[in-house]
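Open the model in your viewer and keep the selection tool ready.

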Amino acid sequence: MHLFIAPLLYVPELEIRQQRGSLSPRALLLTVSDPQERLGSGGATLNALLVAAEHLSARAGYTVSDSKQKPQLLHSFYIQRGRDFPWDGCSRAFCWMPIAATEQSVEGPVCCLDMLLDCLSTKVCVGSPPGVWVCSTDMILILPTAQKISWEGFSGVRVMSLPGDVSFAANHGVYLTDTEGGVRDIVYRGSEKRIRSAVLPDGKVPLVSGPVFFSRSVSERLLQTHVTPPLDGCTYLGMDSGAPPLQVNIHTYSNEHTNLCLKNGCSSPLGPQGAAVKSARSVLWKTLRGVPLSLGALLTLLLFPCVSEGSRVINTVLEGSVRVAAGAVVQHCRLQGPIQVQPGCLLSGLDLNSSTYLQHMPLTSDIILQGHRVQLGELKLTVFTVLGAYDSLEAAGSFLNQTWSQFYSRTGIKPEELWAADSGLCRSLLDARLFPVFMPKGGPVGMEGVSFLLGGSGSAESWRAAWRLSLREVLSLTDQQGELHWREELFFSAGRRRAEDTLKGHTDHNLLPSIRAAVLGGQQGELLQTLDSVASGSSSDLGIAARSLACIADVLGCLAGEGRGGLRSGPAANPSWASAFSLLEQGKLVAGVQELAKQRVLWLNRPDLLVRAARHYEGGGQILLRKAVMSTHEFMFIGQSEMPPMGEWQEVECPARLDLSGGWSDTPPIAFEHGGVVVNVAVRVDGKRPIGARVRRIPKPHLVLVSTSGPPDCSVTTETVCEVLADLEDYCQPHAPGALLKAVCVCSDVVFVSSSLSLEQQLLERWGGGLEVHTWSLLPHGSGLGTSSILAGAVLAGVYRCTGRSYDTSSLIHAVLYLEQILTTGGGWQDQVGGLVGGVKVARSHATLPLRVDVEQLSLPQDFLSALQQRLLLIYTGKTRLARNLLQDVVRNWYSRLPAIVQNAEQLVSNAEDCARACSEGSLSGVGACIERYWQQKKAMAPGCEPAAVRTMMNALQPLTLGQSLAGAGGGGFLFILTRHAQQEENVRQILSTTQVRKRCALKDKFVKVGTSVNLKLLMMNNSKTCCTQS
């Protein structure tokens, strides 16, 4: 467990990071404030130790804190604020970095503080004993992952150092070390000769910087001094007891060999506190003498790529034409174009109201323009400052990259108007009162104040009349809470804009982290409005609208809380949502989205209601997805031909299909948002085409629909007779009796459900009587061999022929896709491709609407075809699972664009192309490798699709196979294997008979069935019996 001790401003930000998951929820956060200003790093550390000890003692149930009652000492991190940073009013700690954190479950900024904490917690302190880490936020640190720090048996003080050049070290401190890594001395701003004595073998010197670790024993020894005068003056306890304040630095007392000169700026024995300083030194000397001080590791100062290689836009919303030149940085701004940001410029903290001035401002290269949120008593306002990128703040050498004489000449301003008369030679740009803040009669001054300084609008008289501040004063008056609030508003606004751009641009950006961040920040209302707007405005691309509704479902799911409201998948037919669904079905998108939002408001007050609302939003998205896929109707070309005689059967037999690679990429919306590629093969099972239909016209004007499913020894037959149109109204309900056959009658325009004519009148007028349809499948339910889609294709083919209409295979493929949207079962296009096109083929769809499928039959070497027939086997697992059970999770994850799913979709497509090449080249090993990869990709796309029993079977068969996979979506059904050698049926039977699976299955299904799968011989059919494919 970690304890983070931080200044007051930091703790709320750390709490936010804890909520977002970047800090452990078990970490303790503790606020500590210095009891006085200029306490020194050593005094602040001692005070922080005292506060932490009291806090841990209280948590342990102690009433006092003393050495005899030691609470558990954790890995404690004392985070010091560091010095002011002129380019960020919230200090370096909250300076946003132009990088994105990887694998964030909740989106958030990456600041210097985040990088420091990540470095410490995951790299530096790993393996360290309990103790206290003291670290400043003045810099960004990284540690090479290859370097390890040994903590075995460690006790004492260990410092982490930055490697630096001798010239750079002249203004800093360096550690002098011995051959064992012990620190012999600390030299502050020493001579070049003295600094060179610290040079390491690589020519660098270890700079005094970076984290410092105090082991438990040293921390306890140091803590004991808080009751000893004059060191008690460093703590809040001493201040409350009336002890005089004292400023000290701890680092110079950490070793008996250490130089006792104090760091520049600390109290000196020659100053007004001379006696107290000497006494404090004596106490620390006695307490810490003999404590080993060692150099732990040379950290690395993180250097980002030079911005001259490109611009950086950080936490900013840009609207209109805003062009950011190379080398420029724009952060924490909201700007409205037209604006040109010149090379080398830094724009920070500018709001939308600044844009008008910025559009007409003479902004040249290398200018720093900042907006600071400050508080003057009860008054809160924004003060704008402007500087040159090459100006020195500590001197008065230049302003706006020009000499002061040039500035005076251009503006008429005089030096005495910028600095007090007694400032003499101590003038610096940091103290020049350049920046107008408030006009006595006009109120706050905006961007017009700095516009005058840059040579734009304004006058010297107005500048002189204004109350002005120096940059130092502006920084000291910064309203840090206000500044953080402004950045947070921009962060969420940018997140909403990114969501809108992601949806409209069809990009693969994962929106879930942004959604979670919005919910945690209480910004879900604004995000929902944005998503409503995108959905409503996407009538020309229903794919966008469908994904927008899916994102709204994600927002509702996040509001419910992880696992609090129940499972995300579930029914979505509550009558309260029927009106909205009806509007969407009618194509009234705007009204439908508005009705959904109206209903949504009533379902926000409980986790279970939120999850149920999310299900209904996904239901609405499915309606829009179906309508988007129905655009495939454009590629259905049905012609006219001679109608066969009354009573003549039109029979269609089809093979099943095996998907060798690429499945799931054919599934909408993946098929038209990413593009899909599938390689599959038409197969006969035990030498038979297992799927078929026959259709004939009958004199009586009604519909007789008969379906038989299952193997002959356990088949089930159902018959449905439709006498009136009302009997067909449930054609879009997949579980209704005869739903598939009813949907075929509607989709093929045999009847029109919404017609004013009765069913009898329509049948007699158009076809001279009714239709009798019989279908069969010899495959078990949930086989994974594409039965339902292939059966739909067979029935459509029979109905078209029976009613005197012509079609081609491509039209039939698209007709099945269209029919399945009417039937509301969804699904992809690969099943009908596999069963309606003979042989081995590769099919593709492009990332666009309308959805079109192109099929290419592969030309195979004859010896390869024969080898494939002898090696490809089907094994029935005895388990069934509907693809629909998996489909909803896959579509949800795709809509969220989970990185793993996006990457997997890419790999599915590339593997399918590899498989097509392997087939064309006649490479059995290549095909087997693709099948193996494909099975791993299936499992990544739909976790849970591999039952334990199937895994056992596959492990047992592994030595015999080049590749193996469950057919279809997985979860059960048929397992297909490509064996290393021909004619392996008996070996497969023998292996399965010895596994535990065989024993369990024997109790349920008699035996796990094994059958020969592929036969690609051309079969000739007579005129009255049509083979839909050549398999």
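Select strand E20 (residues 367–376) together with E21: the two pair in the antiparallel sense over 10 bridges. Strands here are DSSP runs of E, at least two residues long, and helices are runs of H or I of at least four, numbered from the N terminus; two strands pair if DSSP finds at least two bridges between them. This is a predicted model, in which local features need pLDDT of at least 70, side-chain atom pairs count only at pLDDT 80 or more, and totals for chains, interfaces and linings use all residues. Residues are numbered from 1 along each chain as its sequence is written, and side-chain values use heavy atoms, with hydrogens and water left out.

Next, pick histidine 372, whose bridge partner in E21 is valine 383. Move to the turn: E20 and E21 form a hairpin with two residues between them, and glycine 377 in that turn has a positive phi of about 65 degrees.

Now colour strand E21 (residues 379–388) by accessibility.

Go on to the open sheet, where four strands lie in the order E29-E30-E36-E37 with antiparallel pairing. Strands E29 (656–661) and E37 (853–857) stand at the edges with a single partner strand each, so one side of each has no neighbour in the sheet.

Zoom in on E29 and strand E30 (residues 676–683), which are joined by five bridges. Arginine 657 stands opposite alanine 682 in E30.
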